[in-house]
Amino acid sequence: MNGRPGLSIIESIRKRPVMYLGTTNSYGIRRLLKIVLSEYLESVTGINTIEITFNPDNHISIVISGLSEDELLHEIALLHHVASSKNHKIGMLIGVSNVFLLRIVANPDRHVLAAQSGTYELSTAPCSPEEINGIKLDFQLDEEIFKDSQVSYIPVNIMFQQLAYLNAGLKIISVDNRGELQRNVFYFKKGLKELFNNVLEKHDYGKKDSWLAMELKTAINGYIYHIIFRYHHIYTNYPAPYIRSFANNDGTKSGGSLVDGVFKGLQDAIKAIGEKEGVALKASRKKIGRQLVLMAAVKGDPMEYGDNTKDKLDMPSLKADVRKYVGKVVYRHLHAHAGDRKRVLERFKKD
């Protein structure tokens with residue numbers, strides 16, 4: 001079955017991805033992969049393994065497995081929308097590739113989208129018995145767009161590692177076939193908690209002095225939150241690099257509503273416990289942030305950002321929800337745990 005006439009559509013797509021990537025060097029290729037993988041991870045939930053292989057001449061292969069039959073059928077339906085925002089990830093890849101091949105196996109059929117020189121074609125055929133349900137993408141990046149640019153293996157693996165931390169139980173395998181074979185596997189069963197623990201392991205000397213250690217997981221108004229924090233004896237200026245926040249699969253380096261909500265919630269809890277104990281407390285943001293190790297992640301749709309780089313969340317309602325939740329849970333914790341309550345009263349007592 002031939003797809004819709006593709007020449008003019010694909011050529012109009014080809015101009016947009018480069019503007020969206022911002023650059024056509026190694027960082028641009030890495031950003032392209034981040035966009036594609038993030039869109040898969042945010043649109044389907046059953047993915048358990050993603051394997052990315054880098055071959056010579058900017059030929060990249062991505063194999064995605066673990067999707068349910070319904071999720072595969074959803075991706076098959078999107079094959080008819082490669083020129084729309086409904087299937088932005090595939091439109092991006094077609095737009096920057098000389099040759100592109102997408103195969104979706106959903107037993108008993110194999111659905112194929114092939115593109116070359118601005119023309120694409122859809123076809124369906126019975127799959128062979130040995131084929132496993134899943135998605136495979138092969139594409140060769142356009143040498144005219146990415147002139148003399150190859151993906152740098154170490155930085156791209158740092159990105160894969162972050163994606164694995166933010167998607168607990170997801171296995172990401174990266175293979176570099178360009179020269180001496182390299183292979184890395186990223187898998188974190190506990191997700192963000194393992195990233196948090198890895199940071200703390202750099203400061204073992206402070207374990208005995210840690211306090212107010214809490215891990216919070218909840219869903220509010222369609223958003224899923226994972227918030228981990230504790231006070232730890234670390235020598236650093238507030239806030240970086242011990243306060244990190246994430247929205248879906250992006251790191252919001254400038255913080256914004258999620259971090260603000262956590263801090264406001266801590267302020268509310270500290271004020272409330274002080275009033276209950278009859279002690280005047282002063283909890284400024286700077287004082288709360290000193291020696292605080294905090295990692296907070298939120299997943300949901302849509303996300304609204306305070307700038308064009310996704311560095312800062314700007315969602316007042318999200319901030320209010322987090323503030324209320326954190327304030328309530330931390331207050332209950334302080335009420336029930338005398339040791340942490342004593343530390344709070346001592347640390348934030350007005351001079």
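Two rings of Phe, Tyr or Trp make an aromatic pair if their centres lie within 6.5 Å. I am working from a predicted model.

**Entry 1: aromatic pairs**

I looked up how many aromatic pairs the structure holds. It holds four.

I took Tyr-165 and Phe-188 to begin with. Their ring centres are 3.9 Å apart and their planes stand at 15°. Planes under 30 degrees apart count as stacked, so I noted this pair as stacked. Where do the two residues sit in the chain? Tyr-165 belongs to helix α5, residues 153-166. Phe-188 is in the loop between β8 (182-187) and α6 (192-201).

Tyr-165 is at 5% relative accessibility, so I put it down as buried. Phe-188 is at 11% and therefore counts as buried too.

I went on to Trp-211 and Tyr-231. Here the ring centres lie 4.4 Å apart with the planes at 15°, so I recorded a stacked pair. Trp-211 is in strand β9 (residues 211-220) and Tyr-231 in strand β10 (residues 223-231). The two are 20 residues apart, and this pair also links distant parts of the chain. Trp-211 has 6% relative accessibility and counts as buried. Tyr-231 is buried as well, at 3%.

I also found an aromatic cluster, formed by Phe-54, Tyr-153 and Phe-160.

**Entry 2: charges over rings**

Over Phe-263 I found Arg-285, at 4.4 Å from the ring centre.

**Entry 3: Ser-245**

What does the side chain of Ser-245 make a polar contact with? I traced the contact to the side chain of Thr-252, at 2.5 Å. Thr-252 is also one of the residues that Ser-245 touches, once residues up to four places away in sequence are left out. I listed the others as Asp-250, Gly-251, Gly-255, Leu-258, Val-259 and Ala-296.

Note on methods:
Residues are numbered from 1 along each chain as its sequence is written. This is a predicted model: local features need pLDDT of at least 70, side-chain atom pairs count only at pLDDT 80 or more; totals for chains, interfaces and linings use all residues. Side-chain values use heavy atoms; hydrogens and water are left out. A polar contact is a pair of N or O atoms within 3.5 Å; within protein, one must be able to donate a hydrogen and the other to accept it, and residues adjacent in sequence count only if both atoms are side-chain atoms. Contact means heavy atoms within 4.5 Å. Rings of Phe, Tyr and Trp (its six-membered ring) pair if their centres lie within 6.5 Å; planes under 30 degrees apart count as stacked, over 60 as edge-to-face and the rest as tilted. Helices (H or I, at least four residues) and strands (E, at least two) are DSSP runs, numbered from the N terminus. Buried means under 20% relative accessible area, exposed over 50%, partly exposed in between (1.4 Å probe, protein chains only). A charge sits over a ring if NZ of Lys or CZ of Arg is within 6 Å of the ring centre and within 35 degrees of the ring normal.
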